[in-house]
Amino acid sequence: MKKVENFIIYLTSSIRTASYFEKGSKTFDTHIQHLWNSINQFFKEQGSLKIKISSYYIFVNENRFNISIGIIGAYRMLINELLGRGISGVTFNQDVSVNDIKEFIFIIGRSRLSSKSYEEIERLIEKRGIKGIEIERKGDEEITTEGAGSLRRAAIAGFLNSIFYLKDAMENVRLGRSINVTRARKIIRNFIDMVTQDEFFVIGLTTIKNIGSYTLNHSVNVCVLSIAVGLKLGLNRRDIAELGIAGLFHDIGKVDIPDEIIEKPEPLTEEEFEQIKKHPYLGAERVILLKGMKNIPAFAVRGILEHHIDYNGKGYPEINIDKPSLFARIIRVVDTYDAMTTPRVYQKKPYTPENALKYIISKKGEVFDPIVVDAFVEMMGVYPPGSVVELDTGEIGIVISPTTVVIIDKHGKEISRTEDIYRIVRALTPEEAGIDPSIVYFALGTGPEED
Ligand SMILES: [Fe+2]
Ligand SMILES: [Fe+2]
């Protein structure tokens, strides 16, 4: 895996360096040398090296590369750099020389970001006598891989950036350093704006699961869903912003619990469960004591402390309160929903959105606040955003609006759309369908501008 990651990083950094350093410069040469070494590793083990971009995923020698948190930046940049110039694939053959690579990267780095650049790049490759590198033109279907309005682009960028932010923040919390709460507030304001403008789409982004680590991606999902429920319940913007803070940091107490326990595939021992049960308390304590967290109001802290307390007062930690606070009751619902619909080491088969909602409804008034459940269920609908569904024709699709299903092939590429939602026969889990719905959201959020 490291080999592929390094290659992506060196390729991206070389293209970037070429755009502002001269060909003879030492900096450019250093980047090319790294790239050359990493390409040679592939030659040694696999003979050749081909990268291909399809449906917003990068395939390296036909294997889909799984994004990890450390590489999201380089990954997105590479896709934009190549697709932006009309290129969807590059093959390096074994007869390529370091000089060919240098010339090629220089051509790419210095060409404009425009699909018209493709012809120019092809012409220059020939003119400079570069051998052993072939490029592939982005197909028409790639270009129409549906439309991102600027809001959708911003939403997906904001979503991924917030995962980045939280990774740093959790690391700082672990080390007892202060964290940048102003940035968290900015992220949350941004989420509130986005949910207000395109609720269905933004909620659908929570089908993106396990980027970085479970706790990171899950915390961002809980934050987004809490904000959406807050809006539905008619809370004012100031309160929703604090609710967002509670959602984003609700599991921050897990920094004090060893990963072996959090990610343990087998059932927990009693002792281990006792430790897990401490995370709401530890989280609240961290938020109160940490520098930088001082201006977080008490009701956000209560949201964190009480997010595992049931509506009827059961759950943990055992504290003497009548009822958990409103923020905690909201987080209790969306937290359960996101956890149930996410694949985990001990939950290989997650619930479909539909079945998770059924479970939540079945515990209404006991575990979950009835008003919050009603608002949540109304917001999610029968087939929540990002649901994988089977149509009456046997085709598979993803629900992207209350009335639109995007029909996709087995690679997640859009084939067509239907507005006839009565054609839906049933919902599937992503695992059953062999389709990750987030692939469609990546495509929606990164394709060309829609008019
Ligand atoms: Fe939790
Ligand atoms: Fe949680």
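Student: What should I know before starting?

Tutor: Residues are numbered from 1 along each chain as its sequence is written, and chains are lettered from A and ligands numbered from 1 in the order in which they are written. The model is predicted: local features need pLDDT of at least 70, side-chain atom pairs count only at pLDDT 80 or more, and totals for chains, interfaces and linings use all residues.

Student: How many helices and strands does the protein have?

Tutor: Helices (H or I, at least four residues) and strands (E, at least two) are DSSP runs, numbered from the N terminus. Here there are 20 helices and 10 strands. The radius of gyration, taken over C-alpha atoms, is 24 Å, close to the 22 Å that the globule rule (2.2 Å times the number of residues to the power 0.38) gives for 451 residues, so the protein is as compact as a globular protein of that length.

Student: Which residues have the most contacts inside the largest nonpolar core?

Tutor: In soluble globular proteins, nonpolar side chains tend to be buried together. A nonpolar core is a set of buried Ala, Val, Leu, Ile, Met, Phe, Trp, Tyr and Cys residues joined through C-beta atoms within 7 Å. Buried means 20 or more other C-beta atoms within 10 Å of the residue's own, with C-beta atoms placed from the backbone. The largest core has 82 residues; Phe191, Val224, Ile227, Ile330, Val333, Val334 and Val440 have the most contacts inside it. Helix H10 (residues 214-232) gives the most, nine residues. A second, separate core of 25 residues includes Ile9 and Phe28.

Student: In what sense do S1 and S2 pair?

Tutor: Pairing requires at least two DSSP bridges between two strands. S1 (residues 49-54) and S2 (residues 57-60) are antiparallel, over four bridges.

Definitions and conventions
Buried ≥ 20, exposed ≤ 12 C-beta atoms within 10 Å, placed from the backbone.
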